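Take a walk through this two-chain model.

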Amino acid sequence: MSSLALSFELAGSVAAILLLIGTLVAYWLAYSNWRGKFLLESIVALPLVLPPTVLGFYALLAMGPSGPLGKLWMALFGHGLAFTFSGLVLASVVYSFPFAVQPLIASFEGVDRKLLEASAVLGAGKWRTFRRVILPLSLPGMVTALVLSFAHTLGEFGVVLMVGGNLAGVTRTVSIDIYDRVQSLEYGEANHLALLLLAIAFTVLCLVYAVNRRVWMPAWARWTAK
Amino acid sequence: MDGEITQPMLSVHIRKAHRGGASLVLDVSLEAPPGITILFGPSGAGKSTLLDCLAGLVSPDSGKIMIGEDVLFDSAARINVPPQKRRIAYVFQSLALFPHLTVAQNVEYGLSELVERERQERTADILETFRVEKLRNQKPGEISGGERQRAALARSLVTAPCALLLDEPLTGLDAELKASIVKDLRAWNAAKRIPILYVTHSREEVDALGDRVIAIENGRVVSHGAPMDVLDAPRRKRLAQAAGFENLLSGTVLDLREPDGVMRVRLGESKCEIEVPLGHASAGDRVQVAIRAGDILLASERPRGLSARNILEGRMLSLEQRGAMFVARVDCGVTFVAHVTPGAVRALELAAEKQVWLVVKTHSCHLVD
């Protein structure tokens, strides 16, 4: 498998997993009244400030043969977690967590509380309120979360290097591939891949900003009206 | 539970201290029979908190809330029915229509338990009752304020609730539009007969709606009864001010003229005497008289040939512009506040120190116990 395809597979898996977990965590963070929730907020935001190598280092320790995750994985699946694609997905989920959770929290908190109260007095439980009111009104936030966690995973380097190593077709993602090629002085190939990543990053950011500027809101409105 | 056949009374006896150090303690006992009961009082009196408690959005510290025989909240029995199970409809001041749904989808929102056919029938019925059937496919953002209020009422009432809470739902509408919406609400309730609690701090709405009024101040019920009893003789100074009485003057009753239905009152220690409607007082009693600044006429010469009985000579103390009108303070032995339009200020050449005459109709003078 090419490094680009591998990167896309990794980013896609991570974005999908994060949309799911991130939605749950963001919902809880947005609506909980628990006084200690700043603790969880801080943990979620940690990957924003930690050097990827620090995160990768601890992820590697945890996933190694004597680490708790590594042991668990071995017991469940009969092989280790470090230097595998699954290990890479797991570490990337942690690394990109804030990029999914923060926009989700912001959009959940942006939904007028009165609408949630109106939903409740009209007989809707929490799940129905979430599905019919919060979710449709948070769509820009969900798109942002999906796209940012995808893009951030696509571009990661340090964590992948620490946890995944550099196994062609298994853990050699495009950013590592570029590094490899520069090391072996294949500048033309490196430039090829680098340009591609640049183009993807730019497209993705355009998408995020356009969604948040509601460029496509009329189209979205037509879609939800059905 | 069946709110349509029986005619349940909403009975409330709750206490709720505000979190966060604010001094307001809501401590309210009231009963609301089917029909419109107005909750009247100044902003911050606890009216909205009371409605939130009834709807289940806020839990009282203690007490009991019942509709007929159904207990919605009882601190002693640890009963606290969640809002989605209370069958109490609530129209917020902001209306809170779902912006991403059409009017029809908003109305159908509370009918998820019904089969499709019944849901559509009931939606169609209520849209017609509140005259918004033509807007069924429009979003809230695409319709006018009055139409939104109608849509919000329709959405709340389509669920056949046991009670309806309205938190200043008609704020910002002109009188004609208000009256037509109120008419439709009354027509609807003539058939359904549920208790409706209507929160307002507007005098006009009380006059237009009033079956019963409950006056709330500082979290407590201060008076209740017919609008005339509660408001036209305001029992509390703050209530009077909330109702727009800028002039609150104390005086002594001089004599009663029962055949004319009036009595004369001397204001303060001055020589200023005015005629007010006959009240529960006898000569020599101290009374308080409330007069709205907007009910006082100003004249630059002594007026003649008027039906108004109170014509007071005085001297202008000050004249201040407030928005589109002027506030005049006039010394007639006691100080009166009157509202004047900019046009009148020019026509009468009003200015401080100028001699003026105040004209007040007898029935614009309200006696305060």
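What follows covers chain A, then chain B, then the interface.

This is a predicted model, in which local features need pLDDT of at least 70, side-chain atom pairs count only at pLDDT 80 or more, and totals for chains, interfaces and linings use all residues. Residues are numbered from 1 along each chain as its sequence is written, with chains lettered from A and ligands numbered from 1 in the order in which they are written.

Start with chain A. It holds 12 helices and zero strands. Helices here are DSSP runs of H or I with at least four residues, strands are runs of E with at least two, and both are numbered from the N terminus. Along the sequence the pattern reads α-α-α-α-α-α-α-α-α-α-α-α. The C-alpha trace of chain A spans about 65 × 40 × 30 Å along its principal axes. Of its 226 residues, 37% count as buried. Buried means that 20 or more other C-beta atoms, placed from the backbone, lie within 10 Å of the residue's own. Contacts are counted when two such C-beta atoms lie within 7 Å. Among contacts in chain A with a separation of 6 or more, 73% come from residues 24 or more positions apart.

One helix pair in chain A deserves a look. Two packed helices are described by the angle between their axes and the distance between the axes. Helix H1 (residues 3-31) of chain A packs against helix H5 (residues 85-109) of chain A at about 45°, with the axes 7 Å apart. The axes are lines fitted to C-alpha atoms over the stretch in contact, and angles run from 0 to 180 degrees between N-to-C directions. H1(A) is therefore oblique to H5(A). Angles under 35 degrees count as roughly parallel, over 145 as roughly antiparallel, 65 to 115 as roughly perpendicular and the rest as oblique. The contact of H1(A) with H5(A) involves 19 nonpolar, five polar and one charged residues. In this scheme Ala, Val, Leu, Ile, Met, Phe, Trp, Tyr, Cys and Pro are nonpolar, Asp, Glu, Lys and Arg are charged, and the others, Gly among them, are polar.

Now turn to chain B. It has nine helices and 21 strands. Its C-alpha trace spans about 75 × 45 × 45 Å along the principal axes. Of the 369 residues of chain B, 38% count as buried.

Look at one sheet in chain B. Five strands form an open, antiparallel sheet in the order S14-S13-S12-S15-S21. Strands pair if DSSP finds at least two bridges between them. S14 (273-277) and S21 (366-368) of chain B are the edges, each with a single partner strand, so one side of each has no neighbour in the sheet. Neighbouring strands are turned by 50° against each other on average, direction ignored.

Follow the pairings. S13(B) and S14(B) are antiparallel over five bridges, and Met263(B) stands opposite Val276(B). Their hairpin has five residues between the strands, and Gly268(B) takes a positive phi near 55°. Six bridges join S12 (residues 247-257) to S13 (residues 262-267) of chain B. Here Arg257(B) faces Val262(B). This hairpin has four residues between its strands, with Gly261(B) in the turn at a positive phi of about 70°. Gln288(B) has Val368(B) as its bridge partner.

Finally, the interface. Here 16 residues of chain B contact 16 residues of chain A. Strand S7 (residues 88-91) of chain B gives the most to chain B's side, with three residues. That side divides into 10 nonpolar, six polar and no charged residues.

Methods: Buried ≥ 20, exposed ≤ 12 C-beta atoms within 10 Å, placed from the backbone.
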